[in-house]
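Please find below a short note on the model under review.

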Amino acid sequence: MSTTTRTAAAPESAAAPAGTSAAPALGRRQVHAVAGCYFVASFAALGLPPYLTEILPEFGDTAARWAGLLYVVPTVFGGLGAPLWGRLADRYGRKRLLLRAQLGLAVAFLLAGWADSLATFTAALVLQGILGGTFAASNGYLGAALEGPALSRALTLMQGSARAALVLAPIVVGALSPWLSPHRQYALLAVLPLGAALMLAALPEPPKARTECAPKTVESDAAEPPVMPLRTLYALEFAFVFSTVISFPYLISLVDERIPGTTPLMSGVLFALPHVCYLVAAMAVHSAFESRPRLGIALGFVFIALGLAAHEVAGTLAAFAGARLLLGAGLTLGLVCLSLLAAGCAKGRAPGGMFGSLEFFSKAGAVAAGLAAAAGNNWFGPGAPVLTGTAAAVTAAFLVALPLVIRRSFRPRRSR
């Protein structure tokens with residue numbers, strides 16, 4: 001399914017009231033351009049961290065003891081900076097702040113690529129987190145120009161860009177490694193956010209002030225489903241990211257423990273399977289759950305719990321592939337339905353601040369997952385993170401499904 005545009009502007013005779021401005025409609029090509037720019041800018045951010053164990057020995061850390069900490073440094077500082085950048089985008093212009101994010105990534109990548117000490121390299125990763133934030137900036141830009149189903153489809157496409165980069169970037173970095181070390185590839189890949197900034201410069205600037213929603217009548221209140229409270233959306237984002245990301249860091253170790261002799265290529269394929277599921281099925285899931293995203297997110301947590309639990313008992317390659325596909329179903333349902341819920345919450349709100357705050361809770365979930373995975377692995381082995389994720393997903397599924405069950409049970413029956 002392709003991303004559609006917002007309804008065309010009305011003729012001048014039916015223009016919006018004075019003091020308001022309609023956001024310019026974004027065409028399909030323009031939405032795809034934003035998603036494509038995020039994809040290319042994410043290559044270094046997503047493709048190079050798995051190679052920290054090869055980069056750090058160049059700085060004297062022969063055992064790569066700092067790899068785990070440095071892996072989350074950009075995430076921590078990106079989450080801390082996202083709400084501020086979002087509010088600044090609402091005040092000074094979403095396009096301007098999106099360009100700032102791309103250029104900030106380029107500066108950070110250049111510094112990382114030319115760093116000659118561990119301290120300088122760490123500072124570059126801190127700057128990557130502070131100056132980056134391309135995902136939240138892109139979503140804020142789209143949220144200012146689109147709404148409703150058009151926005152949710154655009155957000156789904158953005159997640160597809162992230163999944164594609166997560167699958168392809170480590171492969172490309174590995175293929176280039178014989179000719180250029182992963183450390184120096186940071187400098188080479190800085191050209192990607194620079195190119196993205198040049199492409200984005202041609203896009204229109206959404207209005208700084210979002211059009212106020214028309215006063216709702218009793219009929220419109222009855223026709224439209226209630227918007228989810230922001231605190232609930234943020235909690236779901238945190239729980240979803242935590243329960244999915246916690247299985248990532250030690251998956252390869254778990255596969256090696258359960259299936260000795262598995263090749264690195266096959267381990268990489270198993271790692272990528274959930275993200276491939278998203279790329280294949282995301283738009284179909286969007287169509288199926290567009291009118292019932294709360295049910296979709298509840299089912300997503302159920303599939304995540306089943307998939308993670310299956311990791312614990314899988315002992316063959318086929319069983320692991322099945323577990324990864326179950327997790328992929330949950331990942332797809334969760335990401336798509338979170339996009340639908342976020343699009344509903346964005347209506348009538350300043351999108352930069354909302355998506356910046358949403359990115360904060362997403363990053364917080366990822367950091368918490370990384371810390372929990374490291375602690376569980378150190379204390380109980382590589383199977384512990386998937387059990388922790390299973391418990392988190394089961395709890396989230398219960399809390400999301402309970403209001404749906406109660407509402408259905410107490411719904412008045414229609415008289416015959």
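Which residues make the nonpolar surface patch of about 340 Å²?

1. The model is a predicted one. In it, Leu265, Met266, Val269 and Leu317 together make a nonpolar surface patch with an area of about 340 Å². Helix α13 gives the most to this patch, contributing three residues. Met266, one of the patch residues, lies in helix α13.

2. Helix α13, which spans residues 264-289, packs against helix α15, residues 317-346: their axes come within 7 Å and cross at roughly 40°.

3. As to the composition of the contact of α13 with α15, its residues comprise 22 nonpolar, four polar and one charged.

4. A second pair is formed by helix α11 (residues 230-245) and helix α14 (residues 293-313), whose axes come within 10 Å and cross at roughly 20°. Angles under 35 degrees count as roughly parallel, and α11 is therefore roughly parallel to α14. The handedness of the crossing of α11 and α14 is left-handed.

Methods:
Residues numbered from 1 in each chain as written. Predicted model: local features only at pLDDT ≥ 70, side-chain atom pairs only at ≥ 80, totals over all residues. Heavy atoms only, no water. Axes fitted to C-alpha atoms, helices over the stretch in contact; angles between N-to-C directions. Helix = DSSP H or I, 4+ residues; strand = E, 2+ residues; numbered from the N terminus. Nonpolar A, V, L, I, M, F, W, Y, C, P; charged D, E, K, R; others polar. Patch = residues over 30% accessible without salt bridge, like charges linked within 9 Å, V, L, I, M, F, W, Y side chains within 5 Å. Areas by Shrake-Rupley, 256 points an atom, 1.4 Å probe, with all protein chains shown as cover. Salt bridge = Lys/Arg side-chain N within 4 Å of Asp/Glu carboxyl O. Parallel < 35°, antiparallel > 145°, perpendicular 65-115°, else oblique. Left-handed = near helix turned anticlockwise from the far one by under 90°.
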